[in-house]
Amino acid sequence: MIIAPNIILVGPMGAGKTTIGRLLSQSLGNEFHDSDRVIEENAGADIPWIFEKEGEDGFRHRETQALYELTHNMDKPIVLATGGGAVMREENRTILRNGGLVVYLYATVNQQLVRTSKSNHRPLLQTGNPKATLSKLFAVRDPLYKEVAHIIVETDTRHPKSVAKKVWDAIEQHLKLENA
Ligand SMILES: Nc1ncnc2c1ncn2[C@@H]1O[C@H](COP(=O)(O)OP(=O)(O)OP(=O)(O)O)[C@@H](O)[C@H]1O
Ligand SMILES: O=C(O)C1=C[C@@H](O)[C@@H](O)[C@H](O)C1
Ligand SMILES: [Mg+2]
């Protein structure tokens, strides 16, 4: 049996990091953590409040602390869903790359738009034109997701369960090649 190391999901808002991460953790029996939730718990406030009071810089500082904590202070391997901007800081990319097996969940801008439109919990998308914002972010971040990832998985399948299966198959394949 293959023992998975930490599995770290990166990708844009709406790629499904939280949704797929939770499903993967259920099938592996590993604990699931979401850096966005840890930031909120540590701050005692939600993400929109942190952005409003501390700006994006304040949020990013908290994010680095949370990513470090989650990749250094756990006794057992975990499944970690990160925030969409976790790859923006170079120090975060080092933490992520060294912290486990990094999976980039790829989604087109149109998919990101559909999947983020149900919630107003993402401060960066509270603009007149969320599609233009997602496109700009994607142009900057897609190379960074690729830089940090060991594996890239397309999330084009409609059902999160089949995406989770695809992710697990890709991880198994990667670990088999690594151990061959
Ligand atoms: N493969 C999929 N097919 C269809 N809908 C999906 C898929 N994956 C996720 N979703 C839906 O898209 C929405 C956003 O997913 P989720 O919150 O998991 O994204 P995220 O990558 O964690 O975003 P963020 O970076 O903002 O935390 C949710 O409503 C989820 O149910
Ligand atoms: O893409 C981003 O920069 C963000 C994504 C979310 O997961 C949160 O981390 C926050 O809303 C910022
Ligand atoms: Mg999420």
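Figure 1. Helix 1 gives the most to the shell around ligand 1, namely three residues. Both helix 1 (17–28) and helix 7 (160–179) supply at least two shell residues each; helices here are DSSP runs of H or I with at least four residues, numbered from the N terminus. In total, 18 residues surround ligand 1, and the closest are Lys 17, Thr 18, Thr 19, Arg 122 and Arg 158 (a residue counts as near if one of its heavy atoms lies within 4 Å). By class, this shell holds five nonpolar, seven polar and six charged residues; Ala, Val, Leu, Ile, Met, Phe, Trp, Tyr, Cys and Pro count as nonpolar, Asp, Glu, Lys and Arg as charged, and the others, Gly among them, as polar.

**Figure 2. Polar contacts of ligand 1.** A polar contact is a pair of N or O atoms within 3.5 Å. Look for the side chain of Arg 122, where an N or O atom is 2.5 Å from an oxygen atom of ligand 1. The side chain of Thr 18 also places an N or O atom 2.9 Å from a ligand 1 oxygen, and a polar backbone atom of Ala 15 is 3.3 Å from one. Taken alone, ligand 1 exposes 640 Å², of which the protein buries 79% (Shrake-Rupley method, 1.4 Å probe).

**Figure 3. The surroundings of ligand 2.** Here you will find Met 13, Asp 36, Ile 47, Phe 59, Arg 60, Gly 83, Gly 84, Gly 85, Pro 123, Leu 124 and Arg 141 around ligand 2. These shell residues divide into five nonpolar, three polar and three charged. Helix 3 (residues 47–72) brings the largest share, three residues.

**Figure 4. Polar contacts of ligand 2.** An N or O atom in the Asp 36 side chain is 2.6 Å from an oxygen atom of ligand 2. Arg 60 has a polar side-chain atom 2.7 Å from a ligand 2 oxygen, while Gly 84 uses a backbone N or O atom, at 3.2 Å. On its own, ligand 2 exposes 320 Å², and the protein buries 96% of that.

**Figure 5. Model confidence.** The protein averages a pLDDT of 94, with 98% of the residues scoring at least 70; pLDDT is the predictor's confidence in each residue, from 0 to 100. For the complex, the predictor gives an ipTM of 0.97 and a pTM of 0.97.

**Notes.** In this predicted model, local features need pLDDT of at least 70 and side-chain atom pairs count only at pLDDT 80 or more, while totals for chains, interfaces and linings use all residues. Residues are numbered from 1 along each chain as its sequence is written, chains are lettered from A and ligands numbered from 1 in the order in which they are written, and side-chain values use heavy atoms, leaving out hydrogens and water.

How values were computed:
Polar contact = N/O pair within 3.5 Å; in protein donor to acceptor, adjacent residues only side chain to side chain.
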